[in-house]
Amino acid sequence: MSHQSDQYYINQILEGDTNSFSVLVQRYQGLVYTIVYRMVRNKEIAEEVAQDTFVKAYKSLNNYRGEAKFSTWLYTIAYRKSLDTLKKNKRYLATELIEEITEDEMGIVQDALSYLQDKERKELITESILKLPEDDAAIITLYYFEEKSVKEIKEIVGLTEDNIKIKLYRSRKKLYSILKDHLSPEINTDHGRAI
């Protein structure tokens with residue numbers, strides 16, 4: 001049943017079949033929660049904001065025109081709700097100054113990452129993303145984990161495509177800088193090559 005398109009379920013809901021919404025919730029709850037959590041950095045608040053996102057999506061479904069993918073529309077709601085929550089809690093992350101990292105160092109970090117097991121690598125990257133500013137964390141998540149295009153991210157976060165590309169580039173460098181600190185033992189251990 002859940003192999004149907006999003007639009008199929010949206011039509012069912014708009015025709016009065018409220019149970020169809022649970023299929024969309026199941027389909028997207030993990031991704032919505034991930035984006036929200038990477039911005040608000042608190043499990044309870046993230047669960048609340050993710051839930052609010054689906055409530056708002058459900059109530060606003062008749063305004064969904066299908067111009068963007070349903071997932072893009074949903075992530076836009078999640079992103080805005082997260083920003084509202086951050087503003088309401090007046091919680092702005094003091095972005096630490098992160099050293100600039102050279103292209104060579106990025107290669108070394110990449111090599112060190114390849115020595116880690118897949119699970120360790122994912123955990124390390126996830127932890128590192130949480131050290132980025134909230135909006136950068138959301139953009140990185142949308143681009144690399146949700147494989148959204150720059151154009152789709154533009155619709156979600158409301159920045160220009162150039163701004164998003166700059167943020168992606170800078171965030172990648174910040175991410176590598178954070179990872180470099182985590183990976184120092186792996187980088188400095190001689191893996192059969194001089195560093």
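The model is predicted, so local features need pLDDT of at least 70, side-chain atom pairs count only at pLDDT 80 or more, and totals for chains, interfaces and linings use all residues. Residues are numbered from 1 along each chain as its sequence is written, and side-chain values use heavy atoms, leaving out hydrogens and water.

**Helix packing**

Helices here are DSSP runs (H or I, at least four residues), numbered from the N terminus. Helix α4 (residues 70-88) packs with helix α2 (residues 20-40) at an angle of about 35°, their axes 10 Å apart. Axes are lines fitted to C-alpha atoms over the stretch in contact, and angles run from 0 to 180 degrees between N-to-C directions. Helix α4 also packs with helix α8 (residues 150-157), at about 45° with axes 8 Å apart. In α4, Thr 72, Tyr 75, Thr 76, Tyr 79 and Arg 80 meet Glu 152, Glu 155, Ile 156 and Val 157 of α8; contact means heavy atoms within 4.5 Å.

**Salt bridges**

Side chains of opposite charge can pair when their charged atoms come close. A salt bridge is a side-chain nitrogen of Lys or Arg within 4 Å of a carboxyl oxygen of Asp or Glu. The whole structure has six salt bridges, including these:

| Pair | N to O distance |
|---|---|
| Arg 27 and Asp 6 | 2.5 Å |
| Glu 152 and Lys 69 | 3.1 Å |
| Asp 136 and Lys 167 | 3.0 Å |

Asp 136 and Lys 167 also belong to a salt-bridge network with Asp 135 and Lys 174. Asp 136 is buried at 4% relative accessible area, while Lys 167 is partly exposed at 22%. Buried means under 20%, exposed over 50%, and partly exposed in between (1.4 Å probe, protein chains only).

Terms used. Helices (H or I, at least four residues) and strands (E, at least two) are DSSP runs, numbered from the N terminus.
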